[in-house]
Amino acid sequence: MRALCTVLLKEVVENARDRRTVVSALLLGPLGAPLLFTVLMNVTLERERQGLEAPLELAIAGGSHAPNLVAFLRGEGVEVREFQGDADAAARAVRARERRLVLVIPADHGARLRSGLPAAVQLYADSSDTSAAGERVRAESLLRSYASQIATWRLAARGLSPALVRPLIVDEVDLSTPAGRAVTLLGMLSYFIVFATLIGGLYVAIDTTAGERERGSLEPLLTLPVARRELVLGKILATSAWMIVSLVLTVAAFAVSLRFVRLDTLGMAANFGPRVALATIGVMLPFVLLGAALMTLVASFTRSYREAQSWLTALLLIPTVPIMFAAVYQVPTRLALMWIPSLSQHLLISSLLKAEPLAPSSVLVSAASTLAFGALIAALATRCYRREQILG
Amino acid sequence: MIVLESLAKRFGAVDAVRGVDLTAADGRITGLLGPNGAGKSTTLRLLYGVLRPDRGRALIDGLDVAREPVAALGRLGALPHNAGIYPQLTARENVRYFGRLRGLDGTDLERRIDALVELLEIGEYADRRAKGFSQGQRLKVALARTLVHAPQNLVLDEPSNGLDVPATRSFRQLILRLRDAGHAVLFSSHVMQEVAALCDDIVIISDGRVVAHGTPAELMRTVASGSLEDAFVAALERVTTA
């Protein structure tokens, strides 16, 4: 235990004097991740808000063939623009992204309406242009309500109740909480936290293993009558200590920066107060040990500082795999998934953000399983240091 | 006292060390001399416990390194080939780290560090970070670290590699002083002159085997010219022709 503490203390202090460690643990993760996240969120939210509030701009070709429709759209607040040209010109304009939407009204529109025939109009849009998706949906719904208005008048003129053609009315009742709605956007948050935590220990893990060997200080260290287990655990715990510093700073930075994300403009709330922040740190602690052990193990196998750097950078992607999987398949928080490290942390943090109560069994399984994986990898790292080949 | 008994080590198909016997007595400097690749470093690594022998044993003051590593290595200070120190720690902190790992602490440790700083004349840069140290300065810090627990036995693997003349000189004086204090010093080198100038006993190894051993005078008597260099070359040739 004594040697373990000596190694831990020395590695923590020595790395505090190393610019790479300090920059990555105190700046890169804790400042970079929340900053990037906040900017990303604000851009997304701003786009959604603009889509909802800005007046819809609609170019119409052949507006003179349907003066009533144009008047209806104007009445609904649409800024109607005259489009000069035929259907082909409209298609070209949309393809070239000069226009997002063009409504084309054929010359026989009025005649068909008058004779009670279905009158086609064409709405040109590019569905791959996600920035126009909101406008397209709004234009479609306006056209649909114009059509149903005409239908209502036609039925009324014939003495029939419009209710006859509406056998079913679907009322959508949205039960999601404001915090719950925000989660789809905040889904990335847990990965940013995992990432910043790993970054905090990255250079410590390299310095204490590949770095130590490259400097030639590993062999003198191994000539000491000290159990290899204590050396390795001391190194892993030193990496963990730096990861915890990075984790705490990152979560604190998120708690502050999320106040500047204007979730309320969409009727959403970020449930990230001091209590949730503390719980997030608690949920992440077992993962810190696993991450530190894994980085130490991988870096121990590399031959040089640079090689360790490229391996560990690749390693940073591993925890994203289950998180991506969960995001794509919309995996709910289930006890059966709690044994998967990084996924369980992601799900638990998501639950915290949604203000859902955490099931004690879920927290327990997540912590126990992550710690068990961590202990297993720490044991592997110790074995690795007992091998003669560790000298390189 | 250090005793190696028919020590052998094999890496895959390569016999690196094939039965080395040697004794490094207290109060004497023993030189392990041999060409590059003769098995000097492997022999010493077997002695200071980072490699495990396939056969034979290494005894430090009678304690078997493989069986009682903690007790045996506690009586040994080992300086591996090209040993590095921690650049972000000061000279003193480098020594203190190894002292703590050796189980020393408190005022005992600090007094010991002060004594080593004085003995090795590192006072001038003792509290500077090791980052910009010269090769000679780094070796002195590494030596202080090796001596922190006042070991009876000392093993140095090619310690004077890359040292300039004044640094080599002060290093030799230190080794002589340790011998006079009754320590057993075993060091390896491929430089004839250094071994001739310093050693009380010489062990010449080649191809993983001891090919000659004795005092410099005894070895010189084996060749007509009476030069140590000729004796060295003759010893190597005897093996290759045999």
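Two residues count as being in contact here if their C-beta atoms, placed from the backbone, lie within 7 Å. The model is predicted, so to speak: local features need pLDDT of at least 70, side-chain atom pairs count only at pLDDT 80 or more, and totals for chains, interfaces and linings use all residues. Residues are numbered from 1 along each chain as its sequence is written, with chains lettered from A and ligands numbered from 1 in the order in which they are written.

**View 1. Where chain A meets chain B.** Here 18 residues of chain A touch 23 residues of chain B. On the chain A side, helices H1 (2-16) and H9 (218-222) each give two or more residues, and H1(A) has the largest share with four. Helices are DSSP runs (H or I, at least four residues), numbered from the N terminus.

**View 2. Glu307(A) and its contacts.** Glu307(A) sits in helix H12 (residues 305-315) of chain A. Leaving aside neighbours within four places in sequence, Glu307(A) is in contact with Ala210(A) and Thr302(A). Ala210(A) is 97 residues away along the chain, yet the two C-alpha atoms are separated by 8.6 Å.

**View 3. Helix H10(A) crossing helix H15(A).** The axes (lines fitted to C-alpha atoms over the stretch in contact) of H10 (residues 228-257) and H15 (residues 360-386) of chain A come within 9 Å and cross at roughly 130°. On the H10(A) side, the contact includes Leu231(A), Val232(A) and Ile236(A), and H15(A) brings in Ala378(A) and Tyr385(A), among others.

Conventions:
Axes fitted to C-alpha atoms, helices over the stretch in contact; angles between N-to-C directions.
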